[in-house]
Amino acid sequence: MTVRAKLFITCIGEQFFPQALKSTVTVLERVGVQCEFPEGQTCCGQPLLNSGFQSEARGIARHWLRVFGSGEEYIVAPSGSCVDMVRHHLPDLFPAGSPERAAAVAAAERIFEFTQFLVGVLQVTDVGAFFPHKVAYHASCHLLRGLGVRDEPRELLRAVRGLELLSLSQEEACCGFGGVFSLIYPEVSQTILEAKIRAIAASGADVITACDPGCLISIAGGLVKMRSRVRALHIAELLAADTSAR
Amino acid sequence: MSRHFPTIDFRANARRVAPAVPAAVQRATMRFLANRAAVVQEMGQARWEDLRRAAHDLRLHTVEHLDYYLARAEAQILAAGGAVHWARDAAEARRIVLSIAQQHGARCVVKAKSMATEEIGLNHALEAAGIEVLETDLGEYLVQLAGQGPSHIIVPAVHMTKEGIASLFRQRLGVDAPAEPQALAGIARSRLREAFLSAEVGITGANFLVAETGTLVIVTNEGNGRMCTTLPPVHVAVVGIEKVVPDWESLTVLLKVLARSATGQKLSCYTSFITGPRRDPAEHGPRQLHVVVLDNGRTRILRDARARETLLCVRCGSCLNVCPVYNHVGGHAYGWVYSGPIGAILTPQLLGTAVAGSLPFASTLCGACSEICPVKIPIHEILLHLRRRAMEGDEMDPPVASGLIRAGAKVSAWFLRSPWLYAAAAHLAGMMQRPLWRDGWLHWLPPPLGRWTLVRPFPTFQGDFRSWWRRRRGGRIAARPPRNGTGRDD
């Protein structure tokens, strides 16, 4: 039986990580998932919710539900933070007993983060990837503490041929991005980010990977600013790499 | 109450933090976290989670039945020979304590560490009335000498270095002390001994108040709490209404989670149980015991079902230890006595959004605080709730966001919920960024995005997934993505 999944590419993913999105499709298709892409999608509303504008976030969430709220297939997003938003905050935006609340609760049960979907739902850890580099993994906060995804990305990375997974000191510490936080308190965001960049440098990795485009735009920018040669890549990009691509 | 406090500017405060502070803070918090992890591991994660759940449930039950438990506590304190004073706010609490001190002709009072007395600004009120106040917890003594407030709930002087303390002693006490912890503690101890013996009143807070027997529970590691509550003839305890605990069985659960979460101890060095003053002149202990039960905004928090769990806090400080923001700015950036994640949710509720509306935003919402909290306060959820209060307002407080910010949010919401506007904005951003482009990064952006490029370059808008998807669907491209996905397809 073919597994079908609707792709939720997320706004940050779409604007800044097209390669991660294409890689997500590549990996999912490689393991036999039939992907669909609802064209009307935009954002889940998290930026507004986290900024304190709950009622504005509700309007965006309503649009998200129009795009994703019906159907039975899985919804897969290469971003833990956005999935956490849909799972744990979208239903609360609508009054109990409303049809929107019911649709949000149903969608919350169908949505999975990319690595969570591969390992937890499809029970796949080896996606046939080849990536001969030293890699460190940053555990994104909403993925880890919101969705409880701790081991799945590591299992996937360990199964990649040629990949050496290095440990990162304080790998479960926040990178300092925090969405609107990084704009309101840039100086504090910077010191937290610098600590993360120093840990990455000390790990000896050539590549830092994570499951969240949000953390990655901050970490990648921090690496550039601190003139590091380490590359920041979304985990899907590593998992999509294979020998024929070299 | 809020009119007495200037608006807290977290960003300005954070910029003023001395470079040595984060390192000093992190040394201490790392040690606490490591100790905590070790005792939790020894107990077993599953059992620890059971304890946290039990602690949460019994704390929530208690704060939701405060009327019953406080009345019971009062009856038992009276039965044990103590006095009970009810203080609606900080000013009333200060008046009560001052009048007790004055009735006993106090010229000097000694204090054990107490966040409640910090909260009501007691020291200043007593000193203004000509009474000498001496903090006897070593950390509190240091911040008092330095004219500061506590920068951590359980280690008030966590931001100080031993070199800084030696120089503080030189300046304020005129003693030449080596920058060596034992010697510094010795100097403080000898000063404090004299005060313990001469003070007319000892003032403490309480970690808990057991309703069943009217017993004050005071947890310390230095023994100063015991000195403050036994040597002076009068003991005054200032206790927040939420500190009440139904019975001794509940207390055991809370003591287990408190010491482990705070310092990684199974039990702190001193856990004092005080039930009334001495009953017999031959006994040791104070002749009088006064318990000042403090509301000061707590019943207001209780009214808000979405934030009520703030009151479950047992002041262990573990959310500070684990917080990435706290660890990089220290406690003083939070502008008041409570700092870290708990301060970010407690201060705006006690002082009002107009004063402390900036604090709920002083978090990356990483959720580490909620994960570590021994009484399972959903801190990151309450942060979100209070962010909403600051921006949109609710039944508790009006909004503090400027019209410009609210208009900006409204406009950005239009763009994010309309596929047409969303696509148009992305296209426009893609064109406008061209002049700023360098090596695939934007190193400068106009305000407010300039705050991002202050710290790190911004990635370029390069969204070509949709066109890639459509062309693939049309069968013009292989299933494999191009190696370099940064080029535009159309």
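Reader: What makes residues of domain 1 of chain A count as being in contact with domain 2 of chain A, and how many residues are there on each side?
Author: Two residues are in contact if their C-beta atoms, placed from the backbone, lie within 7 Å, and by that rule 31 residues of domain 1 of chain A are in contact with 27 residues of domain 2 of chain A. The model is a predicted one, in which local features need pLDDT of at least 70 and side-chain atom pairs count only at pLDDT 80 or more, while totals for chains, interfaces and linings use all residues. Residues are numbered from 1 along each chain as its sequence is written, and chains are lettered from A, with ligands numbered from 1, in the order in which they are written.

Reader: How do you know where domain 1 and domain 2 of chain A lie?
Author: The bounds come from an automatic or database domain assignment, which gives 3–120 for domain 1 and 125–245 for domain 2 of chain A; their C-alpha centres lie 22 Å apart.

Reader: What makes 58 residues of chain A part of the contact with chain B?
Author: The contact criterion already stated puts 58 residues from chain A and 54 residues from chain B in this contact. H11(A), helix 186–203, a helix being a DSSP run (H or I) of at least four residues, gives the largest share of chain A's side, 8 residues.

Reader: How is that side of chain A divided by class?
Author: Because Ala, Val, Leu, Ile, Met, Phe, Trp, Tyr, Cys and Pro count as nonpolar, Asp, Glu, Lys and Arg as charged, and the others, Gly among them, as polar, the side of chain A that touches chain B has 28 nonpolar, 23 polar and 7 charged residues.

Definitions and conventions
Helices (H or I, at least four residues) and strands (E, at least two) are DSSP runs, numbered from the N terminus.
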